Amino acid sequence: MVTQHLSSALPAPAVSAAYPMAKPGYGKRSTPGQQARTRDDFALLPTRERYVAGFVDHLPDGASMSVKQLAKQLPLYGQQAISTALKALSVAGHLRRVRCAVGTGDETRWVFRTFWSRTARDNEWWTTYLATETASQAAAPAPPPARPESPAVAGPAPEPTPVPPQRTPPQAPDAEPTQTTGPSPAYLTLARLGRNDHRLGLSADDCTTLEPLAAQWLDRGVTTDYLTNTLTAGLPAQIDSPAGLLRRRLIDKLPPRLPDTTNTPANTPAPTRRLLVECTDCGRPGQPEALPDGLCRPCHTTHSTGGRPSPGPTQIAAVKAHMTNLRDLLKPV
């Protein structure tokens, strides 16, 4: 008698047409060069990871990839289980979470993407692919220009009625356009920190107080996205005083002043800004090569040791001493 071995993985639910999409420029993004979809996709993954992977794989590009939203659509697992499954899919080579600053000057904003690959990729492939992704590719496509309304009845267009030219009075040579003053780039950069990370929410007075310190960074040639990245990288889990933490970072990490390069051509393109990979577990940003398997070093160590931190020399010595005491107690009298 032939026994058929069926997969223990649960079939992922169909993607609803009403599944929420992320804001333009955010959400899921499929990588190129994937193999065609088959029934054996994700066959080597555990049941839960295969279930989540099958659902994510059928989501359209631009779909929301937050843990909260996925947990709403997958009722078998809660948010913690979905987060753990996404971390396992990152280690398996199917996804990477990234952030990238797009725009220039005061229009700079952070774009968050989850790159997805049905075909498992190794770290070398992900590092090469993410290193070539530019901010312009991660940004949302510009809306197409609006087409002029077509006339209701087809026919020859009426001839325009000639309008006699009107003379405009000459403008005084010393007339200057009125200039409106607004918040400085340093102030806007500080004010937007709370939108990128709620732990760094500042009041208007805090932004005004820290504005001179942030302006020193911009005066030394750094960009607003560089300043934002420095202030938001490696944050602690809990921040009691956002203004105090940012003030200390603005003072301690102030970059040196570099001499002006007068021989640089005026039409030299700005350097390409690379994507920052986010740790799939804790969200800490870093360069692609610094986060193998999509995990930062502490999370990667915890994952490799099965969720337990590696014992240090003191702990090893304590265990050895405890084992010696146990052997002494168990010796026959």
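# Briefing on a predicted model: sheet and helix packing

Proline 256 counts as exposed because its relative accessibility is 57%, where exposed means over 50% relative accessible area, buried under 20% and partly exposed in between, with a 1.4 Å probe and protein chains only. Its place is in the loop between helix 10 and strand 4, and its C-alpha atom is separated by 9.0 Å from that of tryptophan 217, 39 residues apart along the chain. The model is predicted, so local features need pLDDT of at least 70 and side-chain atom pairs count only at pLDDT 80 or more, while totals for chains, interfaces and linings use all residues. Residues are numbered from 1 along each chain as its sequence is written, and side-chain values use heavy atoms, with hydrogens and water left out.

**The sheet**

- Strand 2 (residues 95-102) and strand 3 (residues 109-116) pair in the antiparallel sense over eight bridges, pairing being assigned if DSSP finds at least two bridges between two strands.
- Arginine 99 has phenylalanine 112 of strand 3 as its bridge partner, and arginine 96 stands opposite phenylalanine 115, also in strand 3.
- Strand 1 and strand 3 pair in the parallel sense over four bridges, and serine 30 stands opposite tryptophan 116 in strand 3.
- Strand 3 is mostly covered, with six of its eight residues buried.

**Helices against the sheet**

**Helix 8 with helix 9**

- Helix 8 (residues 204-219) packs with helix 9 at an angle of about 125°, and their axes are 9 Å apart.
- That angle makes helix 8 oblique to helix 9, since under 35 degrees counts as roughly parallel, over 145 as roughly antiparallel, 65 to 115 as roughly perpendicular and the rest as oblique.
- Ala214, Trp217 and Leu218 in helix 8 meet Thr224, Tyr226, Leu227 and Thr230 in helix 9, with contact meaning heavy atoms within 4.5 Å.
- The residues of this contact divide into five nonpolar, two polar and no charged, where Ala, Val, Leu, Ile, Met, Phe, Trp, Tyr, Cys and Pro count as nonpolar, Asp, Glu, Lys and Arg as charged, and the others, Gly among them, as polar.

**Helix 8 with helix 10**

- The axes of helix 8 and helix 10 (residues 242-252) come within 10 Å and cross at roughly 15°, and the two helices are therefore roughly parallel to each other.
- Helix 8 passes helix 10 in a left-handed crossing, and the contact is made by Asp206, Leu210, Leu213, Ala214 and Trp217 of helix 8 with Ala243, Leu246, Arg247, Arg249, Leu250 and Ile251 of helix 10.
- By class, the residues of the contact of helix 8 with helix 10 divide into eight nonpolar, no polar and three charged.

**Helix 9 with helix 10**

- Helix 9 and helix 10 pack at an angle of about 120° with their axes 10 Å apart, and they are therefore oblique to each other.
- The crossing of helix 9 and helix 10 is right-handed, and Leu227, Thr230, Leu231 and Thr232 of helix 9 make the contact with Leu246, Arg249 and Leu250 of helix 10.
- Four nonpolar, two polar and one charged residues make up the contact of helix 9 with helix 10.

Note on methods:
Axes fitted to C-alpha atoms, helices over the stretch in contact; angles between N-to-C directions. Left-handed = near helix turned anticlockwise from the far one by under 90°.
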